[in-house]
Amino acid sequence: MGIDAILTLVVVLCVLGLLAATRLAADLILMGAALCLMLLGILTPQEALAGFSNTGVITVAVLYVVAAGLSETGAVQWITQNLLGRPSSVRGAYARMLLPVGGLSAFLNNTTVVAMLLPGIQEWAARLRIPASKLLIPLSYMAIIGGTMTLIGTSTNLVVNGLLQSELGISLRMFDIAAVGLPLTVCGALFLTLFGNRLLPNRQDAVEQMQSAREYAVEFRVQPNGPIAGKSVAAAGLRSLTHGFLTRVERDEHLVVEVTPELILDPEDILIFVGAPECASELRHIRGLEPSAGDVSKLGIRHSQRRLVEAVVGPDFTGIGQSVKESRFRSHYQAVILSISRSGEMLRGKIGDVKLRVGDTLLLETGTDFVRHYRFRRDFMLVSNISDIAPANFRKAPWAIAILIGMVALNALGVLEVIQAALLAALAMLVTGCLSMGNVRRHIDLQVIIVIAASFALGAAMVKTGAAATIANTLLLAGTGPWGALALVFLLTLCFTELLTNNAAAILVFPIAMAVAERVEANFMPFAITVMIAASASFIIPIGYQTNLMVMGPGGYRVIDFVRIGIPMSLVTAAVTLSVVPLVWPL
């Protein structure tokens with residue numbers, strides 16, 4: 001192994017270590033790696049930056065626009081409201097939910113599907129008196145495996161297709177991978193229907209679980225000279241709130257245990273309310289009350305520009321493991337935390353002392369620009385306003401659905417390449433008014449695009465220096481046949497995707513898989529398809545895939561919940577993939 005191969009492996013190992021052990025942004029790490037490979041003379045600038053012109057990467061960016069049109073018209077809700085119905089059991093709910101979610105994810109980005117369906121599934125579960133914890137992991141898992149049914153179902157498929165085009169001159173069509181994706185989706189849905197209720201947690205009864213899934217404990221102070229000081233709880237209007245109720249009163253550092261309607265409110269009393277996120281907004285309209293979080297008064301934003309926002313702490317949040325005070329949250333984000341919910345449970349006590357974790361749901365008071373700045377960054381997930389949410393333009397939903405169907409048909413029939421069909425669909429979304437031109441940029445996740453494009457440099461360096469061939473020779477034991485080699489590639493990809501991102505895993509393992517195929521004198525296509533499927537099979541560790549992280553807080557899940565159901569789900573995926581792929585693409 002030459003010096004260039006050794007240096008390439010050192011760069012790859014550094015990337016893996018930084019992604020796994022630090023909070024540095026993934027796009028910064030991978031662009032830094034591409035720069036190192038250029039400065040070391042391993043790659044030319046053209047080779048290092050070739051990913052930015054790859055058709056797979058460009059297609060991913062364009063499909064964000066198509067998905068945005070479907071999102072803003074409410075097309076997904078328009079479809080699902082007629083499909084979910086009112087089943088009478090958990091298994092009945094799975095039967096109604098799983099396959100439609102998988103079908104939607106076949107044509108939409110899985111993150112988009114989960115983001116749009118999550119609130120609706122929570123409401124649906126509440127009506128059915130089914131715990132949210134029984135439905136939200138299956139929602140995430142079906143969105144993941146549903147994306148394996150078509151070429152556009154997930155960015156990973158497009159990335160691997162882009163690698164096949166650039167390296168081997170082969171281009172897959174829309175439904176070429178459905179031969180493995182469809183049985184995988186059906187088997188995944190069957191597994192979840194049969195065993196999901198048994199493997200998923202039920203820590204509370206159905207009603208309590210749904211009531212606490214997005215409940216917060218918020219503290220407000222009685223203003224000394226305000227109009228409610230000296231009044232009873234009932235006279236102050238605090239017994240007739242729509243979105244919450246008064247549970248405790250703290251007076252002179254003592255707790256008033258029995259909060260009756262006749263209790264007289266003293267100046268400086270701290271009132272603790274429990275309720276939905278809208279409760280904080282409701283209380284802000286009561287004269288004589290103010291948030292007890294001292295930083296609210298220090299927030300340098302005009303009152304008319306303030307909004308209440310929910311935000312789930314993401315993996316790139318810089319203050320993970322630090323207390324709110326240590327992270328200087330207000331100064332850094334121009335926002336004040338009013339309440340924190342963790343794993344479906346309200347956190348009580350002094351907010352400034354809480355150490356923040358990935359998946360914590362924060363209720364914030366901040367400015368109108370907060371959502372725009374952080375909605376598409378990984379500091380936070382599922383950033384949304386409590387109020388002032390633009391209503392979906394359901395009148396345009398049939399147009400958006402027709403455009404999606406047209407895009408799929410044009411590629412499936414061989415009329416247009418997937419990039420051409422996607423560009424035409426994006427243009428149609430704009431022309432028909434399904435999406436406004438001003439909203440296009442904010443819907444494209446530039447960090448994801450940069451991560452994918454920059455990752456191509458690592459794959460190119462591993463091929464050029466022979467590092468991929470060296471790894472392939474190391475992996476293969478004496479006597480390993482084509483099927484055993486395929487299983488090794490699946491396992492390696494699965495480990496990478498749990499620890500890194502799905503796209504980075506696919507790009508890093510692809511050259512190794514090609515070298516393995518050459519080493520065992522097998523057809524390269526089953527290895528490429530296996531990498532494509534395994535890179536999406538992130539079920540065990542919640543931080544390994546964005547949709548898992550999105551459902552963690554609302555479902556009240558712990559890491560062990562994902563491990564318990566994720567391991568058998570991964571085994572199901574492996575069994576289906578390693579059985580079907582060699583039949584469709586012979587070794």
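## Loop residues, helix packing and a cavity

Glu268 has its place in the loop between E3 and E4, where helices (H or I, at least four residues) and strands (E, at least two) are DSSP runs, numbered from the N terminus. The model is a predicted one, in which local features need pLDDT of at least 70 and side-chain atom pairs count only at pLDDT 80 or more, while totals for chains, interfaces and linings use all residues. Residues are numbered from 1 along each chain as its sequence is written, and side-chain values use heavy atoms, with hydrogens and water left out.

Although Glu268 is not a glycine, its phi is positive, at about 75°. Most residues other than glycine have a negative phi. With a relative accessibility of 43%, Glu268 counts as partly exposed, on a scale where buried means under 20% relative accessible area, exposed over 50%, and partly exposed in between (1.4 Å probe, protein chains only).

Asp269 is found in the loop between strand E3 (254-256) and strand E4 (270-275), and Asp269 is buried, with a relative accessible area of 1%. If residues up to four places away in sequence are not counted, Asp269 touches Phe220, Arg221, Val222, Val249, Glu250, Arg251 and Ile264, contact meaning heavy atoms within 4.5 Å.

Glu521 lies in the loop between H21 and H22 and is exposed, with a relative accessible area of 74%. Helix H22 (residues 525-534), by contrast, is mostly covered, as 10 of its 10 residues are buried; among them are Met525, Phe527, Ile529 and Ile533.

Over the whole protein there are 24 helices and 10 strands, and 56% of the 587 residues count as buried. Of the contacts between residues at least 6 apart in sequence, 79% join residues at least 24 apart.

Two helix pairs are set out in the table. Their axes are lines fitted to C-alpha atoms, for helices over the stretch in contact, and angles run from 0 to 180 degrees between N-to-C directions.

| Helix pair | Axis separation | Angle |
|---|---|---|
| H9 (residues 155-168) and H21 (residues 502-519) | 9 Å apart | about 35° |
| H8 (residues 136-146) and H24 (residues 559-584) | within 12 Å | roughly 35° |

H9 passes H21 in a right-handed crossing, a crossing being left-handed if the near helix is turned anticlockwise from the far one by less than a right angle, and right-handed if clockwise. On the H9 side the contact is made by Ser155, Thr156, Val159, Val160, Leu163, Leu164, Glu167 and Leu168, and on the H21 side by Asn502, Asn503, Ala506, Ile507, Phe510 and Met514. These residues divide into nine nonpolar, four polar and one charged, where Ala, Val, Leu, Ile, Met, Phe, Trp, Tyr, Cys and Pro count as nonpolar, Asp, Glu, Lys and Arg as charged, and the others, Gly among them, as polar.

H8 likewise passes H24 in a right-handed crossing. Here the contact is made by Ile137, Tyr141 and Ile145 of H8 together with Asp561, Phe562, Ile565, Gly566 and Met569 of H24, and the residues of this contact divide into six nonpolar, one polar and one charged.

Ser155, in helix H9, is buried, with a relative accessible area of 11%. Leaving aside neighbours within four places in sequence, Ser155 is in contact with Val60, Ile452 and Asn503.

Val60 is also one of the residues that lie nearest the centre of the largest cavity, together with Leu63, Tyr64, Asn109 and Ile152, and this cavity is lined by 13 residues. A cavity is here a set of points on a 1 Å grid over the protein atoms alone where a 1.4 Å probe fits but cannot get out, and lining residues have an atom within 4 Å of a point. The count comes to one cavity of 30 Å³ or more, and the largest cavity has a volume of about 130 Å³, a volume being the space filled by probe spheres set on the points, which are joined across faces, edges and corners. Two or more lining residues are given by each of helix H4 (55-72) and H9, with the largest share, five residues, coming from H4. By class, the lining has nine nonpolar, four polar and no charged residues.

Technical notes
On a 1 Å grid over the protein atoms alone, a cavity is a set of points where a 1.4 Å probe fits but cannot get out, and a pocket is an open set with protein on both sides within 12 Å along at least five of seven lines; lining residues have an atom within 4 Å of a point.
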